[in-house]
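Biologist: Please take me through this model one question at a time, and state each cut-off when its term comes up.

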Amino acid sequence: MIENRPGLDFLAHLVLILGVAIVALPVWIAFVASTHPPSAFVSGTIPMLPGPDLITNYSRMLGSGVSSSGTPPVSTMMMNSLIMALMIAIGKIAISMTSAFAIVYFRFPFRNLAFWCIFITMMLPVEVRIVPTFKVVADLGMLNSYWGLSVPLIASATATFLFRQVFLTIPDELTEAARIDGAGPMKFFRDILLPLSRTNMAALFVILFIYGWNQYLWPLLVTTSSDYYTIVAGIKRLADAVDGVPQWHLVMATAMLAMLPPVAVVIGMQRLFVKGLVDTEK
Amino acid sequence: MASITLENVGKVYTGGTRAVGGVNIDIADGEFIVLVGPSGCGKSTLLRMVAGLESISEGEVKIGNRVVNNIEPADRDIAMVFQNYALYPHMSVRQNLAYGLKNRNTPKPEIEKRVAEAAEILQIGPYLDRKPRALSGGQRQRVAMGRAIVREPAAFLFDEPLSNLDAKLRVTMRLEIKELQKRLGTTSLYVTHDQLEAMTLADRLVVLSAGQIEQIGTPLEVYRKPASTFVAGFIGSPAMNLIDAKAVPHLPGTAHAGTIGIRPEDLSVAADGPIEISVTAVEELGAQRLVHGHTQGERVTVALPSDSELSDNLRLAYRPGALHLFHRETGKRID
């Protein structure tokens with residue numbers, strides 16, 4: 001629909017601006033709050049313009065944290081989150097790609113059963129199986145470890161399904177040409193499938209990284225040592241100041257910092273991400 | 001270089017569908033054999049069985065006196081050119097050509113030498129560092145052939161390699177393939193549904209129908225002496241007229257035949273001709289015109305010079321010895 005009507009243009013822009021405002025306003029308020037001294041919140045009004053304490057607040061959170069709430073410095077928590085998110089994203093991609101490879105390219109008994117078993121796990125997210133999963137992780141001695149944080153979240157039916165669809169779009173002739181060219185299954189996987197699903201991997205990586213970064217319930221359960229606190233769970237702990245008023249300026253500073261890595265990943269991989277979702281050229 | 005022998009080769013799919021049965025072909029070293037037939041006749045299945053992409057359910061396939069029934073495609077010493085080229089989209093032309101050699105642990109200088117040679121032969125030198133998507137259809141086709149050439153295999157297998165090209169390019173590439181094959185002298189098996197392509201390329205034609213061989217012979221043999229009504233109707237353009245003998249009982253020497261075949265180009269207008277047709281349509285081809293009509297309910301096409309006179313009814317005569325007689329029930333040729 002290509003029409004040139006100034007009125008429509010105005011309306012379209014109005015809607016877009018409204019949408020941006022709705023999304024951006026809370027972020028702005030959080031940012032402003034993170035730049036004020038604690039006294040600014042006592043009055044009950046929310047300041048709308050940045051205050052003088054930007055550097056003080058952020059350096060305090062990154063450097064020492066708030067010992068009274070039992071959380072380590074934000075830098076430690078961010079590192080934990082980063083390791084967990086990367087392990088989840090990379091692990092998920094690796095495992096689901098190989099399982100999709102097996103399902104699409106190998107004829108083994110109960111192949112369909114295997115596929116449907118993987119598919120059914122979609123109905124069992126961590127929240128549903130949280131007690132048995134916790135028991136397993138605890139028995140394996142993985143509480144308070146990066147493995148405990150990430151392994152239960154790695155198995156993924158969605159990603160397996162996505163890669164299965166990607167592999168199904170790769171023409172049979174390409175597989176056959178590779179066979180005639182003397183590429184065995186593993187060589188085919190490495191030389192043909194991997195490069196051809198590069199953009200899909202990138203798109204998936206962005207989604208999975210954010211998924212891993214935003215994990216809240218599971219890290220809250222399996223980490224009791226503050227050395228392994230993740231940032232998202234840490235914000236909650238910060239806000240739960242038992243013996244006093246929550247230090248909103250510090251909570252908001254932490255929240256702002258927690259937003260940065262996902263934003264960085266999205267911006268950094270934007271081009272590949274879009275290509276991976278819309279590109280059909282094979 | 002090698003001969004290829006197919007002995008009683010058959011393909012039965014699980015579920016019992018028979019795609020190909022009892023195929024015997026002897027392909028001499030350096031020969032260019034074209035498998036031709038309508039879609040679904042099993043020609044591609046046959047080729048894929050030779051390539052090793054399809055298991056062989058019956059009989060034996062030998063490449064250079066070695067039974068290859070249970071040998072992996074990569075070890076059969078064949079190279080295949082696919083209809084959609086099947087170039088690796090993420091590799092440059094050079095990498096595409098080199099991939100098969102690299103997998104066989106060919107030394108690097110040797111790979112470079114062979115790629116350079118193939119690029120020279122096919123005139124794709126300037127495109128070596130491009131990706132396939134930056135090439136035109138004809139160039140992709142050349143790269144696909146280059147991938148076969150660099151391997152220096154015992155045999156080339158072509159699976160309708162020209163079907164994705166436009167008509168003009170198809171004619172050029174057809175000639176190039178022919179010249180290339182003659183120059184390299186590599187045994188070739190070529191599948192097509194286009195009878196013109198088959199006629200022009202083949203040393204010998206194998207005409208297939210419903211998974212069975214109808215006829216094997218040089219293009220001229222098949223054209224001049226089609227072994228059955230199927231071959232008669234399939235080879236040659238415009239297609240041979242196949243007339244029920246009952247419609248023209250007055251033709252001499254046709255009493256025992258069920259079907260009479262006359263090629264459109266063997267017919268001419270003659271005042272005392274034995275066949276009278278009422279004209280229904282005329283197609284101008286420039287050099288000649290095709291006149292369509294019918295006699296006694298049987299369709300007849302005749303190729304006439306473009307300056308010939310036309311009327312609603314034409315009497316036609318045929319060249320002596322131009323009648324092909326076929327058995328009524330079996331459709332086989334009667335000599």
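Biologist: Which residues does B:S188 touch, not counting residues up to four places away in sequence?
Modeller: Contact here means heavy atoms within 4.5 Å. Once residues up to four places away in sequence are set aside, the residues that B:S188 touches are B:E31, B:F32, B:I33, B:F156, B:F158 and B:Q181.

Biologist: On what basis are such values given, and what pLDDT do local features need?
Modeller: Residues are numbered from 1 along each chain as its sequence is written, chains are lettered from A and ligands numbered from 1 in the order in which they are written, and side-chain values use heavy atoms, with hydrogens and water left out. This is a predicted model in which totals for chains, interfaces and linings use all residues, whereas side-chain atom pairs count only at pLDDT 80 or more and local features need pLDDT of at least 70.

Biologist: Is B:S188 buried or exposed, and what is its relative accessible area?
Modeller: B:S188 belongs to strand β8 (residues 187–192) of chain B, where helices (H or I, at least four residues) and strands (E, at least two) are DSSP runs numbered from the N terminus. Buried means under 20% relative accessible area, exposed over 50% and partly exposed in between, with a 1.4 Å probe and protein chains only. B:S188 counts as buried because its relative accessible area is 0%.

Biologist: What share of the residues in chain B is buried?
Modeller: Chain B has eight helices and 19 strands, and its C-alpha atoms fill a box of roughly 75 × 45 × 35 Å along the principal axes. Among contacts between residues at least 6 apart in sequence, 64% join residues at least 24 apart. Of the 335 residues in chain B, the buried share is 53%.

Biologist: In the largest nonpolar core, which residues touch the most other members?
Modeller: A nonpolar core is a set of buried Ala, Val, Leu, Ile, Met, Phe, Trp, Tyr and Cys residues joined through side-chain atoms within 4.5 Å. The largest one has 82 residues, and those touching the most other members are A:F167, A:I192, B:L6 and B:L46.

Biologist: Which helix gives the most to this core, and which residues does a second, separate core include?
Modeller: The helix that gives the most, with 10 residues, is α3 (residues 74–105) of chain A. The second, separate core has 44 residues and includes B:V34, B:Y127, B:M145 and B:I149.

Biologist: At what angle do the axes of α8(A) and α9(A) cross, and how is that arrangement classed?
Modeller: Axes are lines fitted to C-alpha atoms, for helices over the stretch in contact, and angles run from 0 to 180 degrees between N-to-C directions. Under 35 degrees counts as roughly parallel, over 145 as roughly antiparallel, 65 to 115 as roughly perpendicular and the rest as oblique. The axes of α8 (residues 172–180) and α9 (residues 185–196) of chain A come within 11 Å and cross at roughly 150 degrees. The class of α8(A) relative to α9(A) is therefore roughly antiparallel.

Biologist: How is the pair α1(A) and α13(A) classed?
Modeller: Helix α1 (residues 6–33) and helix α13 (residues 248–268) of chain A have axes 7 Å apart and pack at an angle of about 125 degrees. The class of α1(A) relative to α13(A) is therefore oblique.

Biologist: Which residues of α1(A) and α13(A) make the contact?
Modeller: Ala, Val, Leu, Ile, Met, Phe, Trp, Tyr, Cys and Pro count as nonpolar, Asp, Glu, Lys and Arg as charged, and the others, Gly among them, as polar. The contact of α1(A) with α13(A) divides into seven nonpolar residues, one polar and no charged. The residues are A:V27, A:A30, A:F31 and A:A33 of α1(A) with A:H249, A:M252, A:M256 and A:M259 of α13(A).

Biologist: Where is the cis peptide bond, and what is its omega?
Modeller: B:P238 lies in the loop between α8 (229–234) and β11 (241–244) of chain B. The cis bond joins B:S237 and B:P238, and its omega is about -5 degrees.

Biologist: What is phi of B:N65, and is B:N65 buried or exposed?
Modeller: B:N65 is in the loop between β4 (58–63) and β5 (66–67) of chain B. Its phi, positive in a residue other than glycine, is near 65 degrees. Because its relative accessibility is 71%, B:N65 counts as exposed.
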